[in-house]
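Q: I have a model open and I'd like to learn how to read it, feature by feature. Can we go through it together?

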Amino acid sequence: FPLPMNDASGPDGGPAPQVHPKFFYAPIVVFTYDYDKDELDVFGIQLERTDDARVYTKNTCGENEWLAVKCQVIAADSNMHEWVSHLGNTHLTMEPHIIAIYNTLRQARHPLYTFLRQTTRDTLLLNWGARLSLASFEPKAFGDYQSSAGVGQFMQLIEKMWSRYSFFEKTCLPNELVSQGFTEDVQIPAYLYREDGMKLWNAIGGFATDFVDEVFDSDEAVASDEVVQEWAKETTDPDKGDVKGFPTSFEDKETVAKVLQTIMWMTSGLHAAVNFPQYEEYGYVPHKPLHLCADFSTMPEDDAEIREWMFENMFPHINTDDDWLRESANTLVTDEHAAIDSLAMVRLLTTPSRNCLDNLSDRFEKIGTEAYDKFLKNLNVISEEIEARNDEAEKANKAPYNYLNPSNVPSSIDI
């Protein structure tokens, strides 16, 4: 730390030389909470994990130095968000579920597939495309020149996440919040992901319960259903799905409903929350860069010179030459144009879906009709509450939070 991240090794086994090295700190940040103002503030930042590492505060830094320190934190957070929380914890985590669902419930035309089909649409195709672009192992790979971590390293981070993964613990929203210390009694300003997320989570849970009640008339019917048992077996088999924490068998309706709820939450609310803020967060590249081109070893000592140094040396490069834009319209190129490619990427990834949670009536015409109608009414109430709150926020000159409005939340990871 700081680490110039790359995939290759040099002849001595160490890092290979890089033409355009990128730097990736592993910062520790301490926040303070002002109960009177109901605000969080940054108390201190430590960028390096050594005993003698400097702790930066806004009272011990110049204005521009403090800005540079916070940019390093944001860049680290961007890498963890984009590759681990987004790609790893939603797109790739859903893959074994989709394959197990297809191989069992879909093949047998089981009624549960009507529910789960809505969660599987287009995801494998998108992930295949990501492996050929964002996460490809090849020269000039997008993930290498766009992010400080690089493809090899962010795949290792995803692998570490997956080694600690447990289905209900990590994907069930209430359990996820508790694991991070955000129980319902923890006061934190404007934690709208928790507020809106729990409303959506509970609505999905009611829908899943009603749907399961229509499919099974008793726990015994669940336990004796060979297709459902095969689904559990394929999902958890170490040589197949290998999803830790997923039930190895189903004995009752409650467990089936909880699984349906958790899967639909992952593909809808969870993915929407990590995916759709990307354009607003990353669209102005210096606000949330995916990589930085310099560490603090070359930063000027004079605080007045730091801001210009940041834009010239630290932030992703930009080239708006019209000839280059025409020549590279269908290709990913080099660091020189990283800022433009980053902007294009997040714009593409936040394309609205046509298959949102409140637009699925035609998918439940033969089974689950009443369950979905009830679900839709609950979704409409949630939408109205979110829109009313956002109207008040805008009047108070505060940012609206609309990412978990059901009319904006796809039922599957389809973008």
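Q: Let's begin with one residue. In which helix does Glu 312 lie?

A: Before anything else, keep in mind that this is a predicted model. Glu 312 belongs to helix α13, which covers residues 303–314.

Q: Is Glu 312 buried or exposed?

A: The idea is to look at relative accessible area: under 20% is buried, over 50% is exposed, and in between is partly exposed. Glu 312 comes out at 53%, so it counts as exposed.

Q: Which residues of α13 are buried?

A: Ile 306, Trp 309, Met 310 and Met 314 are buried in α13. They span an arc of only 110 degrees around the axis, so they sit on the same side of α13.

Q: What does the face of α13 turned away from that buried side carry?

A: That face has the exposed residues Ala 304, Glu 308 and Glu 312.

Q: Which residues form the negative surface patch?

A: For a charged patch, you look for like charges joined within 9 Å. Here the negative patch is built from Glu 301, Asp 302, Glu 305, Glu 308 and Glu 312.

Q: Now for charge pairs. How many salt bridges does the structure hold?

A: Here's the general idea: side chains of opposite charge can pair when their charged atoms come close. The cut-off to keep in mind is 4 Å between the side-chain nitrogen and the carboxyl oxygen. In this model there are 12 salt bridges.

Q: Let's zoom in on one. With which residue does Glu 95 form a salt bridge?

A: Its partner is Arg 131, and the closest N and O atoms are 2.7 Å apart. Glu 95 is in helix α1 (residues 63–106) and Arg 131 is in helix α3 (residues 123–131), so this pair ties together parts that are 36 residues apart in sequence. Glu 95, at 14%, counts as buried, while Arg 131, at 42%, is partly exposed.

Q: How far apart are the closest N and O atoms of Lys 395 and Glu 392?

A: In that salt bridge they are 3.6 Å apart. Both residues lie in helix α16 (residues 369–395), 3 residues apart, which is about one turn of the helix. Lys 395 has 66% relative accessibility, so it counts as exposed.

Q: What about Arg 363: with which residue does it form a salt bridge?

A: With Asp 362, where the closest N and O atoms are 3.5 Å apart. Arg 363 counts as partly exposed at 22% relative accessibility.

Q: Which residues are linked in a network of salt bridges?

A: Look for Glu 195, Asp 196 and Arg 389, which are linked in one.

Q: Last one, the backbone. What is the phi of Arg 109?

A: Arg 109 has a positive phi of about 50 degrees, although it isn't a glycine. Its place is in the loop between α1 and α2, and at 76% relative accessibility Arg 109 counts as exposed.

Asp 242 is another residue to check: it isn't a glycine either, and its phi is positive, near 55 degrees. Asp 242 lies in the loop between α10 and α11. Its relative accessibility is 21%, so Asp 242 counts as partly exposed.

Technical notes: Residues are numbered from 1 along each chain as its sequence is written. This is a predicted model: local features need pLDDT of at least 70, side-chain atom pairs count only at pLDDT 80 or more; totals for chains, interfaces and linings use all residues. Side-chain values use heavy atoms; hydrogens and water are left out. Patches are made of residues with over 30% relative accessible area and no salt bridge: like charges are joined within 9 Å, nonpolar side chains (Val, Leu, Ile, Met, Phe, Trp, Tyr) within 5 Å. Accessible areas come from the Shrake-Rupley method with a 1.4 Å probe; for residues, only the protein chains shown count as cover. Lys and Arg count as positive and Asp and Glu as negative; His and the chain ends are not counted. The place of a charge is taken as NZ of Lys, CZ of Arg, CG of Asp or CD of Glu. Helices (H or I, at least four residues) and strands (E, at least two) are DSSP runs, numbered from the N terminus. Buried means under 20% relative accessible area, exposed over 50%, partly exposed in between (1.4 Å probe, protein chains only). The arc is that of the directions from the helix axis to the C-beta atoms.
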